[in-house]
Amino acid sequence: DFYRNPSMLGKSAPIIAFVHGGAWGSGTPYMYRLVGLRLAQEGFHCVMIGYRTYPTTDIRGQLDDVENALTFVHNNLGKNE
């Protein structure tokens, strides 16, 4: 999920990558949507990163999910402003 203040459209802003809590076994980025909205209000771009939870995969798979999300953000953020 991606949150930004509409007034920041087309403007540079610090990016916060937020990996949701849940001890790798529960939780979703949606649970933290109010955090994303608040950070956007404060002028940040906020990316809420989700990952597969245990027992669907192990820690290596979860770290891969986070790494893939960060790579996607790095490669694509700002391309479609």
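Helices (H or I, at least four residues) and strands (E, at least two) are DSSP runs, numbered from the N terminus. The structure is a predicted model, in which local features need pLDDT of at least 70 and side-chain atom pairs count only at pLDDT 80 or more, while totals for chains, interfaces and linings use all residues. Residues are numbered from 1 along each chain as its sequence is written, and side-chain values use heavy atoms, with hydrogens and water left out.

View 1. Asp64 is partly exposed at 29% relative accessible area, and Arg60 is partly exposed at 47% (buried means under 20% relative accessible area, exposed over 50%, partly exposed in between; 1.4 Å probe, protein chains only).

**View 2. Asp65 and Arg52 form a salt bridge.** The closest N and O atoms are 2.9 Å apart. Asp65 belongs to helix α2 and Arg52 to the loop between β3 and α2, so the pair ties together parts that are 13 residues apart in sequence. Asp65 counts as buried, at 17% relative accessibility, whereas Arg52 is partly exposed, at 38%.

**View 3. Glu42 forms a salt bridge with Arg38.** The closest N and O atoms are 3.0 Å apart. Glu42 is partly exposed, its relative accessible area being 49%.

**View 4. Three strands form an open sheet of mixed pairing, in the order β1-β3-β2.** Two strands pair if DSSP finds at least two bridges between them. β1 and β2 stand at the edges with a single partner strand each, so one side of each is left without a neighbour in the sheet. Strand β1 (residues 2-3) runs antiparallel to β3 and is joined to β3 by two bridges, with Phe2 opposite Val47. Strand β2 (residues 15-19) pairs with β3 in the parallel sense over five bridges, and Phe18 stands opposite Met48.

**View 5. Strand β3 (residues 45-49) is largely enclosed by the rest of the structure.**

Methods
Salt bridge = Lys/Arg side-chain N within 4 Å of Asp/Glu carboxyl O.
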